[in-house]
Amino acid sequence: MRHFPAEFADLLTRRGAALLAGRHPAAGALADPRCRFLALGGLVDARQATAAAGLLDRLLLPHLRPMVQPIPPETIWEETRNYAERLPKTMRQWTAHLDNPRSAGFRAATEAGLIAMLRSDSYRTFAAALAGARLKRKYGLQALAYGAGDYAGPHTDHHPEEPEAVRGYFDMHVSCAGPGLRDQYLVYAKAGHLTEMTDVAKSGMVTAYRLPLWHYTTPLRARPDHEGTVRRWILLGTFLYSDPADGQGRRPAAAQGAR
């Protein structure tokens, strides 16, 4: 792959096209208050997603910045009561925010056609089909890269200080994985316990979240002799609901018909 297609729809399989049209069983699933996370394979063409990982390695990798937040030592040594520990969000990964036209990452993503694809009508329509809700036209874009051992610790992605997001919002991730990837898991909460786990180390996998949600991403594990080169890219879109009540699980009439 030398360039991303102009429309996200051009990366989709037949099942992905069915979801885009609202005819897939997962259409509108995240409008159900009992469903907060989906991991779906077979919607984005795996070969094209793997080729996209190579393109991102060539053009965007030099413009990533590290996001590294280790466990603060004071969470142990300044604790004064047994079992009173509080773990802040910890992580090790690489990122490029794709909303700033003046940044080198944005320019590289534009050159690759990534910005145009992620701003295409089919991308936003695909996200809305999963969310089962009306989404605001303005949304955030980010690229993340995990290498060997990279992870994201338990967190909720709750933003109570931001009025538009305090009642909830919607995230969609598209995974583009290069060679040498062994596994990486997404663990998330159900009924108050971190009991649910799915392998997200598959190129072309789509994961979607109705946030906030307790979850974490396990350290990426590489196959032998690939520790220094393995990489899993995530193309991330963050969407606000047009009606904030949708973030609380109110199910729109349109989503009922889509399921």
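## Nonpolar cores

Contact here means heavy atoms within 4.5 Å. In this predicted model, Leu114 touches Phe4, Leu56, Leu60, Leu98, Ala109 and Leu235 when residues up to four places away in sequence are not counted. Leu114 is also one of the residues with the most contacts inside the largest nonpolar core, a set of 52 residues in which Leu130 and Phe170 are named alongside it. Helix 6, which spans residues 121-131, gives the most to this core, contributing six residues. In soluble globular proteins, nonpolar side chains tend to be buried together.

## Helix 6

Eight of the eleven residues of helix 6 are buried, and the helix is therefore largely enclosed by the rest of the structure. The buried positions are Ser122, Tyr123, Arg124, Phe126, Ala127, Ala129, Leu130 and Ala131, and among them Leu130 is also one of the residues with the most contacts inside the largest nonpolar core. Just after the helix, Gly132 takes a positive phi of about 65 degrees.

## Asp171, a buried acidic residue

Asp171 lies in strand 6, which covers residues 169-177. Although Asp171 is buried, it has no salt bridge, and the nearest side chain of opposite charge, that of Lys89, is 8.6 Å away. The side chain of Asp171 is instead joined to that of Thr238 by a polar contact of 2.7 Å. With neighbours within four places in sequence left aside, Asp171 is in contact with Thr207, Ala208, Tyr209, Leu211, Leu236, Gly237 and Thr238.

Technical notes:
Residues numbered from 1 in each chain as written. Predicted model: local features only at pLDDT ≥ 70, side-chain atom pairs only at ≥ 80, totals over all residues. Heavy atoms only, no water. Helix = DSSP H or I, 4+ residues; strand = E, 2+ residues; numbered from the N terminus. Buried < 20%, exposed > 50% of the residue type's maximum accessible area, 1.4 Å probe, protein only. Lys, Arg positive; Asp, Glu negative; His and termini not counted. Salt bridge = Lys/Arg side-chain N within 4 Å of Asp/Glu carboxyl O. Polar contact = N/O pair within 3.5 Å; in protein donor to acceptor, adjacent residues only side chain to side chain. Core = buried A, V, L, I, M, F, W, Y, C linked by side-chain atoms within 4.5 Å.
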